[in-house]
Protein chains: 2
Amino acid sequence: MNKRVTIKDIAEQAGVSVGTVDRVIHERGRVSAEVKAKVLQVMQALDFEPNLIASTLAFNRAIQIGVLMPRLHSDPYWDLPLLGMRRAQHSVKHYGVGLVEQMFDLFSPQDFKKSAIALIDQKPDALVFPPIFLKESLELLDHCVEVKVPTILVNTDVEHPQVMSYIGQDSYQSGVLAGKLLSMAMNGSGKVLLLNLDKETLNAKHLMDKELGLRDFLAQKDKNSFTVLRQDVEDFDNPERLDSLLNELLQQYDDIKTVFVTNSRAYKLVEAIQEQAQPHLNILGFDLLPNNLHFLQMGKIDFLINQNASYQGYLAIKNLTDYFIFKKQLPRVQHLPLDIVVAENAAYYVQREQGN
Amino acid sequence: MNKRVTIKDIAEQAGVSVGTVDRVIHERGRVSAEVKAKVLQVMQALDFEPNLIASTLAFNRAIQIGVLMPRLHSDPYWDLPLLGMRRAQHSVKHYGVGLVEQMFDLFSPQDFKKSAIALIDQKPDALVFPPIFLKESLELLDHCVEVKVPTILVNTDVEHPQVMSYIGQDSYQSGVLAGKLLSMAMNGSGKVLLLNLDKETLNAKHLMDKELGLRDFLAQKDKNSFTVLRQDVEDFDNPERLDSLLNELLQQYDDIKTVFVTNSRAYKLVEAIQEQAQPHLNILGFDLLPNNLHFLQMGKIDFLINQNASYQGYLAIKNLTDYFIFKKQLPRVQHLPLDIVVAENAAYYVQREQGN
DNA sequence: TTAAATTGTGTGTGCGCACACACAAGAAAA
DNA sequence: TTTTCTTGTGTGTGCGCACACACAATTTAA
């Protein structure tokens, strides 16, 4: 372990004081061109790497990350990223990184807007949120430009100059992957029932992308043998309705072999299905919610594609720490793995959700 | 951001000096019982959490982690954990954590032993290695007891008091998972050809475990419809031999639908197979080696189970940093996820291998 | 020409903690 | 009783860096 090079070493070698070296490093100006060149040259020569530990200690400034998320416990999916963020905050708090949380109603653009304003008022150093409502999100991003708050998006990407980084899944590709798994389960031919259990499905780009991915994959695989039936259900909290709808469809179309639930609500479908002598349906859904996992273990759900929602939140905070504390550049897009989860390998992912 | 509590605050509140508080925290003794109790009580009351940044800075000691691994570039699989370790070292070097690497010949117990001695001679603070040779590994662990070097095992676990932590896959469960995937591919019935492309297969517990997992799963699924044929091939570097062997087996047994290559050498099989009008075989293998990935994309390998070899190495170093720098307790066993990798989701895992 | 602003450089302090050292008081050994 | 050891406590320095401040040498303005 050849002793680390410090700014003091640089100073000596360059024949200046540490203050001058410091000014060069932080580009604070007030250094003559020659001296600056000399210092930089010595830094290169000695391969200087600043001691980030000492740096953060001396920096001694708290970083506040504003977090704008759907209200906790209002929807099981949306709890995941928030909890991931909190876990991350816990593990970087000694760098002086804190969260300022502001919750909003998942189905209310007005509330989103109100919460956004409240959050900005607290002057956070950065912002993290999922752009659930496109119009309001763009307004928020515009506002961020003014107050110069860098932003990380999770869950859905939006093109905007103020977006420093997007962390989330590749929705199209997750549709492709679903196609692969379902085509395997269908063994050559059959119909896929695509279920959008959501409100305002038409506006949800990520759901559209998943459908597109599925259709593209199946078409490329075997255009004539596979069919996709799409059904949007806004009233997904009504089990009787869901069940009867499903039965109607099964009567109307034969050869429906699999169901693709495009979001995390596959468990709602399973809960709704009455035990009858139905043809066996293979069900594919998303995300490791407790209910989904339960049905996966019971064999009522066959596949879950893990979009790593919890890890999305975790990474968002970790990355902002890297950005502020360690001065790292962040990639514009970070797609997380699409894990194929079956009963036989679910335990590891559940464990990882807790850990990190 | 309520200002953090420091040892100075504790000292004031308890009416003692910081030195005394320090002695209490580090249990260095030389503190009277009453004072110690008082200090602890104040620490509790103020919810003191030491500033780990300041702590590591002041600690100012280099930690050397001894790494004993198969020689780089001798086997593509074994490169992964080592590269993971180097990546990890890079990301924690500012804590003063360094690696002392010592390589050995993958097939030579003698060389392993020699390298182990050479490594111990450099007095590392901890040791990481895969216990490839059981006898020699146990000797090494015994020696570690004497010199008091805590050890982390990767890839294979061994019971020994000096083993602080094992990081790796659950081999049995990976066999189970393979069973699940292959049974799906076989659609109800058929034979699995289990290929051990390795030397000294009989001594390799992890290969045995995989076989057991596969057999248990298939038996439980449908005892009568599935059969496992096992074939050990020590001469796996000879393509002609492999190809003819496979053809013999296909002639001898009908209804072989799938091949389970129990380690990372599935690509060797694919390379050996001559393009003939064979019945289509679904092939399952392990690990994201470049060659395996290539054949996965080409559709010649159907599934890869990712044992996260690279991440194993990464975690080993990260965990030791946590242990030494942040005084965290490590779990005795850390099983990494068994990722199901198909052509449609491979990219993310490849990307993660590079990143972390 | 002189005062004021600007530029270039060095010094000093503090971030919170770890640890060596100093030193007093009492206990044990001589 | 004197000496040595032990125990309990406080003080001081340094880890490497960030940043405020001091101050001289210029340059610009008045």
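Helices (H or I, at least four residues) and strands (E, at least two) are DSSP runs, numbered from the N terminus. This is a predicted model in which local features need pLDDT of at least 70 and side-chain atom pairs count only at pLDDT 80 or more, while totals for chains, interfaces and linings use all residues. Residues are numbered from 1 along each chain as its sequence is written, and chains are lettered from A and ligands numbered from 1 in the order in which they are written.

**Surfaces near the DNA**

- DNA strand D is surrounded by 28 residues, and the closest are A:T6, A:N51, A:A58, B:S17 and B:G19; a residue is near a strand if its C-beta atom, placed from the backbone, lies within 6 Å of it.
- Two or more residues of this surface come from each of α1 (7–14), α2 and α4 of chain A, and from each of α2 and α4 of chain B.
- By class, the surface near DNA strand D has 13 nonpolar, 10 polar and 5 charged residues; Ala, Val, Leu, Ile, Met, Phe, Trp, Tyr, Cys and Pro count as nonpolar, Asp, Glu, Lys and Arg as charged, and the others, Gly among them, as polar.
- Around DNA strand C there are 27 residues, of which the closest are A:S17, A:G19, B:T6, B:A54 and B:A58.
- For DNA strand C, the largest share of the surface, 5 residues, is given by α4(B).
- The surface near DNA strand C divides into 13 nonpolar, 10 polar and 4 charged residues.

**Contact between the chains**

- Chain B places 29 residues in contact with 29 residues of chain A; contact requires C-beta atoms, placed from the backbone, within 7 Å.
- On the side of chain B that touches chain A, at least two residues each come from α4, α8, β12 (339–341) and α14 (346–354).
- That side of chain B consists of 17 nonpolar, 8 polar and 4 charged residues.

- An open sheet of 6 strands has the order β7-β6-β8-β9-β10-β12 in chain B, with mixed pairing; two strands pair if DSSP finds at least two bridges between them.
- β7 (226–232) and β12 of chain B are the edge strands, each pairing on one side only.
- β8 (residues 256–261) and β9 (residues 282–286) of chain B run parallel and are joined by 3 bridges, with B:T258 opposite B:N282.
- α8(B) packs on this sheet, and its direction makes about 155° with that of β8(B); axes are lines fitted to C-alpha atoms, for helices over the stretch in contact, and angles run from 0 to 180 degrees between N-to-C directions.
- α9(B) also packs on the sheet, touching β6, β7 and β8 of chain B.
- The axes of α8 (residues 171–186) and α9 (residues 205–222) of chain B come within 6 Å and cross at roughly 45°.

Key
Contact = placed C-beta atoms within 7 Å.
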